[in-house]
Amino acid sequence: MTAAMATSTRGVDDAPHGRRGQPIRVLIVDDSAVVRGLIARLLAEQPDIEVAATASNGEQALKALAGTRFDVVVLDVEMPVMDGLTALPKMLAIDPHARVIIASTLSKPGAATTIRALAAGAADYIQKPSASRELTAAATGEGDFRRDLVVKVRALGEAGRGRREGRAAMPAGVEDAAAARDRAIFPLLQTRPVRPEIIVIGSSTGGPQALSTLLGGLRPECRLPILIAQHMPPQFTTILAEHLTRIGRRPCAEGRDGEPIEPGRIYIAPGNFHMIIGGDGPRRVIRVNQDQPENFCRPAVDALFRSAASCYGAATLAVVLTGIGADGTRGGKAIVAASGTLVAQDEASSVVWGMPGSVARAGLCSAVLPIEALAERIGQLAAGTRT
């Protein structure tokens with residue numbers, strides 16, 4: 001079970017065709033013919049996904065993008081002629097609606113490169129099998145590579161296509177009546193009168209970018225401790241913590257078991273571990289464990305949120321950011337039941353509006369805002385300002 005995979009609301013093989021009956025079109029870019037063939041075969045098994053083209057380097061990929069439309073690009077990083085990091089911004093310049101998934105190795109250099117790619121506009125990543133036994137397992141459908149690949153391609157393809165078609169169908173500022181009827185309508189709760197003592201954040205696909213924007217926008221006077229459950233494997237969370245330290249202008253590190261929770265610090269759940277809150281009375285500490293995954297995830301947002309509700313009750317401020325699936329909804333219910341406050345990222349600024357959409361539709365949110373506005377709202381709540 002991978003640590004980074006968010007659940008889908010459907011199984012791998014039982015999804016309907018994409019919008020208007022057209023399959024999700026995928027471009028695979030990898031210098032390894034074996035890996036290209038493996039990814040192509042696994043995706044071709046899905047009736048709603050079409051492998052429209054393959055390329056062995058970034059230069060070939062740019063030529064393919066210039067000539068046709070793709071919903072998703074699966075992009076290797078280390079390639080001859082033109083590598084993935086060089087090709088990525090050029091791809092997005094050609095087609096801003098295409099969703100790019102980085103094919104990454106599970107290593108510290110691979111993690112650092114992937115974080116750079118996510119900051120440069122990639123939507124998500126997939127852990128590429130490298131050793132012979134990993135390739136064999138993936139080819140036979142064992143392990144999680146097939147599921148991770150298909151779920152991410154499907155979710156990102158559908159989300160990207162929806163935005164592409166919505167913008168193409170209507171002039172700027174004009175909303176189609178049918179689209180207006182189809183938009184999710186959800187109730188908002190009043191903000192709670194209790195001033196928060198802790199901020200807990202859940203995120204998945206698109207999370208590193210959203211976290212950078214959110215934490216970079218927080219005012220220095222917001223000194224509440226911040227705990228984050230981001231769906232990511234080991235190595236990746238280490239590099240993400242280093243990145244967020246620079247962006248957020250406050251210390252950020254993976255949480256360590258038994259570590260006291262202190263103001264002004266950010267703690268991120270280490271890959272392949274749940275991170276929860278423990279302790280009695282005023283002394284709160286980090287606890288990490290390898291209990292069963294929840295929502296196919298470890299770390300899981302639900303686990304963190306439940307523990308916050310138990311330890312901090314009404315003094316909990318929870319934030320749900322972009323991500324596939326519904327992780328955070330059950331934990332969000334526990335927070336709201338304890339009279340805590342929950343806010344979520346809106347659909348327009350989310351890479352995938354799965355997790356935040358789930359808590360919004362469940363009626364758990366006091367606010368649903370663009371990522372750029374969430375930092376200000378969190379600052380207001382932390383300062384005790386109610387709106």
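What covers the buried residues of helix H2? The cover includes strand S1 (24-29), strand S2 (49-55), strand S3 (72-76) and helix H3 (84-94), where contact means heavy atoms within 4.5 Å. Helices (H or I, at least four residues) and strands (E, at least two) are DSSP runs, numbered from the N terminus.

The model is predicted, so local features need pLDDT of at least 70 and side-chain atom pairs count only at pLDDT 80 or more, while totals for chains, interfaces and linings use all residues. Residues are numbered from 1 along each chain as its sequence is written, and side-chain values use heavy atoms, with hydrogens and water left out.

In helix H2 (residues 58-67), Gly58, Ala61, Leu62, Ala64 and Leu65 are buried, that is, under 20% relative accessible area, whereas exposed means over 50% and partly exposed lies in between (1.4 Å probe, protein chains only). Viewed down the axis of H2, the buried residues fall within an arc of 160°, so they line one face of the helix; the arc is that of the directions from the helix axis to the C-beta atoms. Lys63, Ala66 and Gly67, on the other side of H2, are exposed.

Strand S1 is mostly covered, with six of its six residues buried. Ile24, Val26 and Ile28 point one way from S1, and Arg25, Leu27 and Val29 point the other way. S1 pairs with S2 in the parallel sense over six bridges; two strands pair if DSSP finds at least two bridges between them. Within this pairing, Val29 stands opposite Ala55 in S2.

An open sheet is formed by seven strands in the order S8-S9-S7-S6-S12-S13-S14, with parallel pairing. Strand S8 (252-254) and strand S14 (367-369) stand at the edges with a single partner strand each, so one side of each is left without a neighbour in the sheet. Strand S6 (residues 198-203) and strand S7 (residues 226-230) run parallel and are joined by five bridges. Leu227 in S7 is the bridge partner of Val200.

Helix H10 (residues 301-312) and helix H11 (residues 329-337) have axes that come within 7 Å and cross at roughly 10°. H10 is therefore roughly parallel to H11. Angles under 35 degrees count as roughly parallel, over 145 as roughly antiparallel, 65 to 115 as roughly perpendicular and the rest as oblique. The axes are lines fitted to C-alpha atoms, for helices over the stretch in contact, and angles run from 0 to 180 degrees between N-to-C directions.
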